[in-house]
Protein chains: 2
Amino acid sequence: MTDRIHNFGAGPGVLPEPVLRQAQQDIWNIAVSRIGILEHSHRGKLFERVIAEADEEARRLADIPDRYKILFIQGGASQQFAMVPMNLLLPGRTADFLVTGLWAQKALKEAQKYGKTHVAVSGDSCKFTRIPDVADIRYSENPVYVHLTTNNTVYGTEWKSEPPVPAGVPLVADTSSDMFSRPIDVTQYGLIYAGAQKNLGPSGLAMVIIREDLAELGLPSLATMLQYRTYVKERSLYNTPPTFAIYMVGQVLKWIRASGGLGAMAERNTAKARLLYDFLDRSELFRGTVDVGSRSLMNVCFRTSSSELDAKFVAEAAKAGLDGLKGHRSAGGMRASLYNACPRASVEALVAFMKEFERTNPRPPA
Amino acid sequence: MTDRIHNFGAGPGVLPEPVLRQAQQDIWNIAVSRIGILEHSHRGKLFERVIAEADEEARRLADIPDRYKILFIQGGASQQFAMVPMNLLLPGRTADFLVTGLWAQKALKEAQKYGKTHVAVSGDSCKFTRIPDVADIRYSENPVYVHLTTNNTVYGTEWKSEPPVPAGVPLVADTSSDMFSRPIDVTQYGLIYAGAQKNLGPSGLAMVIIREDLAELGLPSLATMLQYRTYVKERSLYNTPPTFAIYMVGQVLKWIRASGGLGAMAERNTAKARLLYDFLDRSELFRGTVDVGSRSLMNVCFRTSSSELDAKFVAEAAKAGLDGLKGHRSAGGMRASLYNACPRASVEALVAFMKEFERTNPRPPA
């Protein structure tokens, strides 16, 4: 037993307990420096090591080649929705979007401010309950890049593999909710970005992995803070970065490595999700809300027979120490986020609670 | 005695120890929620209270009227260098700059990307060693705003009061290194911004105080994350904010209030700075580098007789547990930052060390 409860929040999400324990020490006095991590200069030797380690851990975990740069940028994925087209959507060109949910729509909307866009496929017609067939994708003639959202936090779907793109066209991915939850071949992408607050660390930081040639495309007339080249050139230290968030990401990545790496994470995450999906498939009361083939391992969305019973479930679960189960305001129902740091024991506790809830709240006869 | 050393770093700077002690607890389990502060949803009740408290504490400390909105924005002051002109430098208008140092120059340079600018006065000719006379300021005919940097972290100067501006023209201030170190009359300003990592909290957050009419000036074609109105409308919760940094700012502001408020801070900070400046004025070896009338209470810049001896001093001080005394790379020499959370005991220890250093390293005869 711990004095902490089960946290299924979609983000900021649960963090690994050993990382929190270490952070408790390090905000007072890190590495015998007798200064806390929050109070170290970003230009000092200690923080230089902290940021270098975060970079090295990420490279090692995902086998990231040198020609890709890892950038730590503030503003989360929402700022990347704008920074990507500001830098990559060249005049006269078109950016193609695979629209599979709310966040993909937001990324599209920001890009429309900066140039021509084309929706190559959209899951809108099926209310984003499944990932579209790749056969239905219609790219524009010569897209400057193709943008997708690998996992859809709101609706609970995910791309199982990268969709085909026209030869030589960079794939740009928002991986906010599945980054480093499974192996990723970064060479399939031109640019990958992820808000840290789900699988990687606290909020207030986006990790961006960019092929170095793409970092040079933005016009120098862009704000210095909004050009990728600034972060490449200054190794994310042009201005004072969010030092604590970068420290935490480094610690979480170390924890992932110590836990066996991305392959081990994928196995665990698959097993955790299967526990819950298997129960949903057997349940008389609860049901998953998305197509079986599109099910996300990270965000499991489900419902009971009525929104009243959904609300009752969420409230009773919270009382029982199972927190963060309310679905996104635009989707309703329930959502259990099972990020890397969510222990299997939390999923087991959730399934046990759902079984008991079903017993005491039987589905009314149709 | 504590297991922590004296930290004179210019930012991220030293934080109040009681705030660090509370944070150690709260990152494991905050307010008996059995979830750590880093892991709470930004849409949940607990964080709603955290952000509301940070807002209320700031309003109370500086008596901020309702028509000013407090925004929490990522990207630090450097992103504000661009956001201010993006939103406020209207087509055909001119923004005036009072250039008193490196950061003012950077703010000017970003503004030049977005419209017409005018340098109303510059301390460039005296290498920024003093704040210009207000009599030397020459405003353009009808500036849309006037920008100043209230305290110059690199050179160690500060405006002692607001310079006069043409009637009705909003004053825009970068107060990164003196915000809430002394009373401030926000009604003298149209917009105030400050990176948090000096007097307010950890890095990764800028606090922006904006007169509400000015938040409506930005074109809706700007990126959503770069419009002030987005933060006003969504109370800084349009996307996932840097929740921990906001929590820390709230805690630091509470600590300031418990310590007597901004008036008490100003008294303490004045006394701390006087200790050091008085010693510099008496020393045979050390000397302050800026005009007496322009001396900053926050960043005290000084030198010995040679850069070799400066380096020796910095190295020996660090060994003696006095850290962060190296001057900014563009200014050289030494700099002691005496932010709110720097205890008087640290300044006393510094002066004692300087006396001893002077005794063992006497100034060579001229």
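**A cysteine and its surroundings**

Mentor: A:Cys301 has a relative accessibility of 9% and therefore counts as buried; that label applies under 20% relative accessible area, with exposed meaning over 50% and partly exposed in between (1.4 Å probe, protein chains only). The model is a predicted one, in which local features need pLDDT of at least 70 and side-chain atom pairs count only at pLDDT 80 or more, whereas totals for chains, interfaces and linings use all residues; side-chain values rest on heavy atoms, with hydrogens and water left out. Residues are numbered from 1 along each chain as its sequence is written, and chains are lettered from A, ligands being numbered from 1, in the order in which they are written.

The closest cysteine sulfur to that of A:Cys301 belongs to A:Cys126 and lies 14 Å away, too far for a bond. A:Cys342 is likewise in no disulfide, the nearest cysteine sulfur, that of A:Cys301, being 14 Å away. A:Cys342 is also buried, at 2% relative accessibility.

Consider next the strands. Helices (H or I, at least four residues) and strands (E, at least two) are DSSP runs numbered from the N terminus, and two strands pair if DSSP finds at least two bridges between them. In chain A, an open sheet of three strands has the order S11-S12-S14, with antiparallel pairing. Strands S11 (287–288) and S14 (334–337) of chain A are at the edges with a single partner strand each, so one side of each has no neighbour in the sheet. Strand S12 (residues 299–303) of chain A pairs with S14(A) over four bridges in the antiparallel sense, and A:Phe302 stands opposite A:Met334.

In chain B, four bridges likewise join S12 (residues 299–303) to S14(B), antiparallel, and B:Asn299 has B:Ser337 as its bridge partner. From S14(B), B:Met334 and B:Ala336 point one way and B:Arg335 and B:Ser337 the other, and all are buried.

The nonpolar cores come next; such a core is a set of buried Ala, Val, Leu, Ile, Met, Phe, Trp, Tyr and Cys residues joined through side-chain atoms within 4.5 Å. The largest has 114 residues, of which A:Phe180 and B:Phe180 touch the most other members. Apart from it lies another core of 74 residues, including B:Met83 and B:Tyr193.

Finally, the assembly. A rotation of 180° with 0.0 Å of shift along its axis superposes chain A on chain B, at an RMSD of 0.0 Å. This is the relation of a two-fold axis, from least-squares superposition on the C-alpha atoms of residues with pLDDT of at least 70 in both copies. In chain A, A:Gln24 comes closest to the axis, its C-alpha being 2.4 Å away.

Methods. Disulfide = S-S within 2.5 Å.
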